Amino acid sequence: MPFKAACIQINAGREIAPNIEMASDLIRQAADQGAELIVTPENTTMIEPDKEAQRAKTPREADHPAVAAFADLARERGIWLVIGSMSMALDDGRAANRSFLFAPDGNIAARYDKIHMFDVDVPDGQTYRESANFRPGEQGVVTDLPWGKLGMTICYDLRFAYLYRALAKAGAGILTVPAAFTQFTGKAHWHILLRARAIETGCFVLAPAQTGEHAGGRHTYGHSLIVAPWGEILADAGEAPGIIYADIDMQRVRDARRMIPALEHDRTFKLPEETRAAGE
Ligand SMILES: O=C(O)CNC(=O)[C@H](CS)NC(=O)CCC(=O)C(=O)O
């Protein structure tokens with residue numbers, strides 16, 4: 001049976017409480033429209049460019065008001081809810097950039113910590129050093145939904161195709177890519193990378209995004225997307241905050257993989273150095 005999925009597009013500010021309100025409002029609207037799986041962007045509860053301020057305002061998971069609020073909301077509406085990411089303070093003084101899957105009973109069904117850190121000087125003048133504040137994850141996550149398996153990723157992970165291939169090979173038919181992509185890189189790369197990941201894996205890709213201007217002169221690209229396993233864009237949110245929807249029929253995963261069974265055709269190969277080292 002097909003089901004309705006939704007991606008929430010927001011412009012998060014520096015403080016947690018108003019961001020919870022803003023996201024919850026859109027999640028309720030999406031649930032009212034019949035969405036059974038709802039996904040929100042990276043850093044749903046805070047975009048704070050000042051590292052010290054971010055550290056000071058980041059609670060541990062056990063004390064995090066948003067974890068409790070979103071668990072209640074998932075239970076209240078009986079939805080599967082992926083909060084794309086939130087910062088969670090860790091014992092070593094760093095934080096995890098952590099994605100949560102809340103089940104319709106309000107329990108946390110899965111957590112994923114972002115693996116690839118965005119340590120990049122973007123040519124628009126902004127400098128990002130995510131690893132200065134965050135501890136990268138070391139665990140790929142594939143978890144059960146009623147309709148199939150979900151592979152969880154975050155933002156910059158999108159550029160590492162091997163992760164998506166591994167998740168698909170581990171059984172994922174749906175991939176989440178919550179993001180706060182920069183406007184500069186998003187314009188050039190966002191649509192094509194998401195379509196490529198969908199095509200390579202034969203998965204549905206749900207990619208909710210931050211949009212607009214944030215503190216510190218940062219601009220995010222928006223254009224939350226839902227992409228089908230054959231690569232078609234099913235919905236694009238454009239630039240304004242809001243919600244996009246698509247009907248998800250897992251038969252399309254099987255169809256795409258039957259038409260092009262590339263996932264089953266991986267080969268191992270040598271690289272030039274190894275060939276020389278082997279004396280060939
Ligand atoms: O702006 C902010 O503070 C919020 N952004 C983020 O939290 C994260 C880590 S700094 N952004 C990305 O991963 C962008 C990736 C990207 O844009 C690319 O791969 O091109």
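In this predicted model, helix H5 meets helix H6 through Ala161, Tyr164, Arg165 and Ala168 on the H5 side and Arg197, Glu200 and Thr201 on the H6 side. Sorted by class, the residues of this contact comprise three nonpolar, one polar and three charged. H5 spans residues 161–169 and H6 spans residues 183–201; their axes come within 9 Å of each other and cross at roughly 35°. The crossing of H5 past H6 is right-handed.

Leu101 has 24 other C-beta atoms within 10 Å, and because the cut-off for a buried residue is 20 or more, Leu101 counts as buried. Setting aside neighbours within four places in sequence, its contacts are Trp80, Val82, Ala109, Ala110, Thr143, Leu150 and Met152. A further distance places Leu101 relative to Ile38: the two residues lie 63 residues apart along the chain, with 9.8 Å between their C-alpha atoms.

Arg135 belongs to the loop that links helix H4 (130–133) to strand S8 (141–145). Arg135 has 17 C-beta neighbours inside 10 Å and is therefore classed as partly exposed, since that class lies between the limits of 12 or fewer for exposed and 20 or more for buried. Beyond residues up to four places away in sequence, Arg135 touches Leu90, Asp92, Arg94 and Ala96. Between Arg135 and Glu274, the separation is 139 residues in sequence and 33 Å in space, taken from C-alpha to C-alpha.

Notes:
Residues numbered from 1 in each chain as written. Predicted model: local features only at pLDDT ≥ 70, side-chain atom pairs only at ≥ 80, totals over all residues. Axes fitted to C-alpha atoms, helices over the stretch in contact; angles between N-to-C directions. Helix = DSSP H or I, 4+ residues; strand = E, 2+ residues; numbered from the N terminus. Left-handed = near helix turned anticlockwise from the far one by under 90°. Contact = placed C-beta atoms within 7 Å. Nonpolar A, V, L, I, M, F, W, Y, C, P; charged D, E, K, R; others polar.
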